[in-house]
Amino acid sequence: MPLQSKPLPVDTADALHDATGLPARAVPMCTVHPGESSKDTCAVEAKCEADVLAVLAYARELGLTVLPYGSGRHLAYGPPGEVPDLALTLRPMNRVTSFSPGDLVVSAEPGITIGELASVLAQRGLMLPFDPPAPADATLGGLLSTGLSGPRRALYGSLRDLAISLRVALADGRVIRTGAKVVKNVAGYDMTKLFIGACGTLGVVTEITLKLRPLPMHRETALVRGPAAALAELRSRIAQSTLVPSRIEMVGGADLGSDFVLAVDCDEPRSSAKAQTDAIRAMSRDFGLTVDVVEGEHADAWWSDLAQSLAERQVCIRLQGPPTSLFAAMPRALEAASALAERAESVVLSAGGLTGVARIAFQPARAIPDRPAPLGAIADLAAGASLDMVVERAPAEVRAKHQPTLAPASLALMQRLKHTFDPANLLSPGRFVGGM
């Protein structure tokens with residue numbers, strides 16, 4: 001039976017250690033992530049799935065809440081949740097558990113970082129075509145939990161498309177496997193996607209199986225600079241052509257002045273990439289636009305710098321909608337974000353020409369959290385352009401004032417799912433929309 005009153009974190013740490021043998025200690029939650037509360041929690045590490053099950057069993061017996069996380073990078077995403085009784089880090093679970101290069105499939109634990117995984121795959125000439133706006137030390141489990149995607153989604157799909165199987169520890173002590181460790185699998189319901197983007201509220205993912213791609217023999221990125229309206233016309237022409245860009249993003253920022261850059265990437269062999277670049281040059285001349293080209297490591301560095309710029313800002317807002325509407329709104333979005341930023345030069349914007357996903361990231365002015373609707377100008381812009389807006393990352397007080405609203409039927413369905421998988425509401429309480 002759950003206790004009527006919960007013990008102090010320091011007492012929980014001692015009792016948890018005695019019951020499971022796992023090292024545990026009381027720490028302020030803000031040491032897990034600086035944007036969290038200063039209240040204490042009991043921090044415990046899991047080095048394997050058995051440790052995860054032991055912690056869940058202890059929590060279930062005493063009615064304690066559990067927050068699974070990796071490096072803590074993505075705890076500032078989504079609604080500001082409650083301080084958990086147990087903060088369970090999965091970062092030590094960072095092994096590649098199986099790797100079949102010939103089948104283009106890899107399985108790994110959730111604590112592995114995308115940088116660590118990329119290093120292992122590159123040794124066999126493979127890659128996970130997944131480039132979220134996150135640093136290299138972000139964990140695979142954290143990225144899966146938040147459901148992030150990057151510009152490569154235009155060609156390869158999102159993590160929801162690349163993940164083919166999960167192993168998940170449920171709150172009731174069961175361990176389930178979704179999907180199968182093979183690329184071609186159509187049996188039963190696709191439960192894998194259910195846990196991606198669930199913010200750890202339905203179960204604790206202990207293994208992830210992913211589809212891979214060969215590393216490109218050549219990479220070439222055309223950088224077209226000019227006014228947003230002309231770049232939008234160029235994007236439409238590219239989208240209607242036979243070209244196959246792996247990424248196409250319109251990027252803006254204060255350092256570009258009133259101009260934007262349309263970055264068109266190609267993962268094809270050198271001859272095909274050159275042909276695509278020549279076609280883009282010809283199209284660009286029709287609009288009076290200038291084109292620069294970066295190749296190989298220089299192209300990789302350009303995209304890496306963009307991802308890092310989006311990841312390091314304190315506020316990141318995601319807008320979604322048809323690419324045409326999205327591109328048309330970008331100059332006004334950049335202007336609105338600059339007015340909210342501590343420094344105009346801190347604003348960076350990236351809009352997907354095929355994905356229909358844009359991100360605006362900046363360092364906020366100090367007075368913003370005190371406003372009734374801190375991001376109201378961008379919210380109004382999004383509503384006027386029929387775009388969906390999500391505050392991906394921001395201080396807790398800002399996220400609390402800009403929560404997405406769901407249709408009653410959708411919210412009811414998600415609440416039923418939460419009750420089915422976690423009826424006692426022990427996992428990541430409050431970290432999902434609707435207070436789930």
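The largest cavity of this predicted model has a volume of about 380 Å³, where a cavity is a set of points, on a 1 Å grid over the protein atoms alone, at which a 1.4 Å probe fits but from which it cannot get out, and where a volume is the space filled by probe spheres set on the points, with grid points joined across faces, edges and corners. Of the 28 residues that line the largest cavity, Pro 68, Tyr 69, Gly 141, Gly 142 and Ser 145 are the closest to its centre, a lining residue being one with an atom within 4 Å of a point. The elements that give two or more residues to this lining are β3 (66–69), α4 and β10, and α4 gives the most, with 5 residues; helices (H or I, at least four residues) and strands (E, at least two) are DSSP runs, numbered from the N terminus. By class, the lining of the largest cavity divides into 13 nonpolar, 13 polar and 2 charged residues, with Ala, Val, Leu, Ile, Met, Phe, Trp, Tyr, Cys and Pro counted as nonpolar, Asp, Glu, Lys and Arg as charged, and the others, Gly among them, as polar.

Residues are numbered from 1 along each chain as its sequence is written, and side-chain values use heavy atoms, with hydrogens and water left out. In this predicted model, local features need pLDDT of at least 70 and side-chain atom pairs count only at pLDDT 80 or more, whereas totals for chains, interfaces and linings use all residues.

The largest pocket has a volume of about 1300 Å³, a pocket being an open set of points with protein on both sides within 12 Å along at least five of seven lines. Among the 43 residues that line the largest pocket, those closest to its centre are Gly 197, Arg 318, Val 390, Phe 432 and Val 433, and the lining as a whole comprises 21 nonpolar, 12 polar and 10 charged residues. The second largest pocket holds about 860 Å³ of space and is lined by 37 residues, of which Phe 130, Asp 131, Arg 152, Arg 247 and Ser 304 lie nearest its centre. The elements that give two or more residues to the lining of the second largest pocket include helix α3.

In helix α3 (residues 114–122), Ile 114, Leu 117 and Leu 121 are buried, that is, under 20% relative accessible area, with exposed meaning over 50% and partly exposed in between (1.4 Å probe, protein chains only). These three residues cover an arc of only 65 degrees around the axis, and therefore lie on the same side of α3, the arc being that of the directions from the helix axis to the C-beta atoms. The buried residues of α3 pack against several elements, among them α4 (140–146) and β10 (204–211).

Ile 238, in helix α8 (residues 228–239), counts as buried because its relative accessibility is 3%. Leaving aside neighbours within four places in sequence, Ile 238 is in contact (heavy atoms within 4.5 Å) with Leu 243, Pro 245, Ile 248, Leu 262, Val 264, Ile 280 and Met 283. Ile 238 and Ile 280 are 42 residues apart in sequence, but 7.8 Å apart in space, C-alpha to C-alpha.

A search of the whole structure finds 0 disulfides, a disulfide being a pair of cysteine sulfur atoms within 2.5 Å. The sulfur of Cys 48 is too far for a bond, because the closest cysteine sulfur, in Cys 42, is 17 Å away.
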